[in-house]
Amino acid sequence: MPTTAIGKAIAKPHTTHFQASTGKLDMTVIEQHLLDRIKLTGPLPFATYMQQCLSHPTHGYYMNPENRVFGSRGDFITSPEISQMFGELVAVWLLSQYEIAGKQSSLRFIELGPGKGTLMGDILRARKHINVHLVETSPSMRATQQAYLTSISNERPHVHLHWHNSINEIPTSSSEYTMLVAHEFFDALPIHILQVYFPGILAAICSNFAQQKAETGQWHEVLVASNIDQETTSNDDSNGSNETEKATPAPSFRRVLAPQPSAISTVLGHSSPRFQELPAGSSLEPEDEKPSLGGSGLIIDYGGNNAFGYSFRAFKSHNIVDVFHEPGNCDLTANVDFAYLKEAMGDLVTTHGPMPQGTFLKEMGLPLRLQGLLKTAKTEERREEIRGAAVRLVDPLGMGKEYQVLGITSEPPSPKTPEARATWPFVDTKP
């Protein structure tokens, strides 16, 4: 899916060693692993780079228990961590779709990428009889979720928790109505970066390729290559680099453009008719995976209803850093092209939106829920915390606009059910 990067990232490097050729003192395990792989097989797709940085079994960003991912001491804070109102209003929308559908079946919740489990914990406040399926590949994150959610399920004997490595592991069920939520999940899926090649247009973006590529006008894949040889040559030629340059060595990687269109660049570049209308020199960041959904669901993520180019970014300690900075120690993300998601799901489900998170929450009753929480708060300090959290969730200059919400229902509204009621609050959202 075309996307843009808005990332997160980690605290301290893992294993380090001195690399004599570049003068780099700190090199992460993932960094050395990728350099060795490039030396053997050549430049790698960004999807491979991103997958290894985030999901390497032992040193990936999400897999290493040493990494503080969430919260003020981590690399980013998500909406569920800010206020319980977020999860409660998500639950209200999902349960309203269940009521509108008129189903008398049992319920099950599926969450993709549950984080610390906070969102699901808030959702469970609204329902006491339910099967919960959580898709999580990181053992350390899964342990955090189990510790938090098990304490909740112990108080609710009819809540049953199940963990899976993939959505494909979740068994189909003809006796349960499925509700799915994916919050900040798609932005972390591995992406391929593609570029339409015309001479002279890309030289500022991808180094050392213009002189060796013939004009094709086709989608080429942007790859990750080693920067070690380039950096060594540059250092030898300079004879006397200044102290600032020595203190800030160049990244170990650089972008290069594939000499010819590949199978993946051709398929992804033509996977949406919208991509053919982009001007020369445009870039895309399509993701590899497409969701399979049923019942009803919400996808909440950074992005918009359009394709993005060069949005791939990294985050560390709440700051944006270079995507090649400390591989494996930083979160990597890309904005979600919701239009691409809708195209992928178009013949399977009905989609609604996307719309800004701030609008969604306010239309779902955030002001009313806020008043209820303020009445029960025991101190003025606590009331100020609650107000501040609500403002942050709907801030039009921050989360309220940056996050988009896409609604999903498995059946279009029936003649007996008005569309305005069936898809609220997406009724005024432009396609």
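Because the model is predicted, local features are reported only at pLDDT of at least 70 and side-chain atom pairs only at pLDDT 80 or more, while totals for chains, interfaces and linings use all residues. Residues are numbered from 1 along each chain as its sequence is written, and side-chain values use heavy atoms, with hydrogens and water left out.

The secondary structure of the protein chain comes to 15 helices and 16 strands, where helices (H or I, at least four residues) and strands (E, at least two) are DSSP runs numbered from the N terminus. Of the 431 residues in the protein chain, 52% are buried; buried means under 20% relative accessible area, exposed means over 50%, and partly exposed lies in between, with a 1.4 Å probe and protein chains only. Among the contacts in the protein chain with a separation of 6 or more, 78% are between residues 24 or more positions apart, a contact being heavy atoms within 4.5 Å.

Helix packing can be followed through α12 (residues 366-376), which packs with α4 (residues 84-101) and also crosses α13 (residues 380-394). Two packed helices are described by the angle between their axes and the distance between the axes. Here the axes are lines fitted to C-alpha atoms, for helices over the stretch in contact, and the angles run from 0 to 180 degrees between N-to-C directions. For α4 and α12 the angle is about 130° and the axes are 11 Å apart, which makes α4 oblique to α12; angles under 35 degrees count as roughly parallel, over 145 as roughly antiparallel, 65 to 115 as roughly perpendicular and the rest as oblique. The crossing of α4 and α12 is right-handed, a term used if the near helix is turned clockwise from the far one by less than a right angle, with left-handed used if anticlockwise. Gln84, Met85, Glu88 and Leu89 of α4 meet Leu366, Arg369, Leu370 and Leu373 of α12 in this contact. By class, the residues of the contact of α4 with α12 are five nonpolar, one polar and two charged, where Ala, Val, Leu, Ile, Met, Phe, Trp, Tyr, Cys and Pro count as nonpolar, Asp, Glu, Lys and Arg as charged, and the others, Gly among them, as polar.

The axes of α12 and α13 come within 10 Å and cross at roughly 165°, so α12 and α13 are roughly antiparallel to each other. Their crossing, too, is right-handed. The contact is formed by Leu366, Leu370, Leu373 and Leu374 of α12 together with Arg383, Ile386, Arg387, Ala390, Leu393 and Val394 of α13, and its residues divide into eight nonpolar, no polar and two charged.

Gly358 counts as buried, at 2% relative accessibility. Although Gly358 and Val391 are 33 residues apart in sequence, their C-alpha atoms are 9.1 Å apart in space.

Elsewhere in the chain, helix α6 (residues 139-153) has 15 residues and should span 21 Å at 1.5 Å a residue, which agrees with the 20 Å between its end C-alpha atoms; the expected span is 1.5 Å times one less than the number of residues. Ser140, Met141, Arg142, Gln145, Leu149, Ile152 and Ser153 are buried in α6, and their cover includes α5 (118-124), β3 (130-135) and β4 (159-164).

The loop between β4 and β5 (176-183) holds Ile170, which is buried with a relative accessible area of 9%. Leaving aside neighbours within four places in sequence, Ile170 is in contact with Arg108, Ile110, His133, Val135 and His164. Of these, His133 is 37 residues from Ile170 in sequence and 7.3 Å from it in space, C-alpha to C-alpha.

Some details of the backbone remain. A cis peptide bond with omega of about 10° joins Gly353 and Pro354, and Pro354 is found in strand β15 (residues 350-356). Another cis bond runs from Trp424 to Pro425, with omega near 5°, and Pro425 lies in the segment after α15 (419-422). Glu184, a residue other than glycine, has a positive phi near 50°; Glu184 is found in the loop between β5 and β6 (193-196) and is buried, with a relative accessible area of 10%. Glu326 likewise has a positive phi, of about 40°, and lies in the loop between β12 (319-321) and β13 (331-333), where Glu326 counts as partly exposed at 21% relative accessibility.
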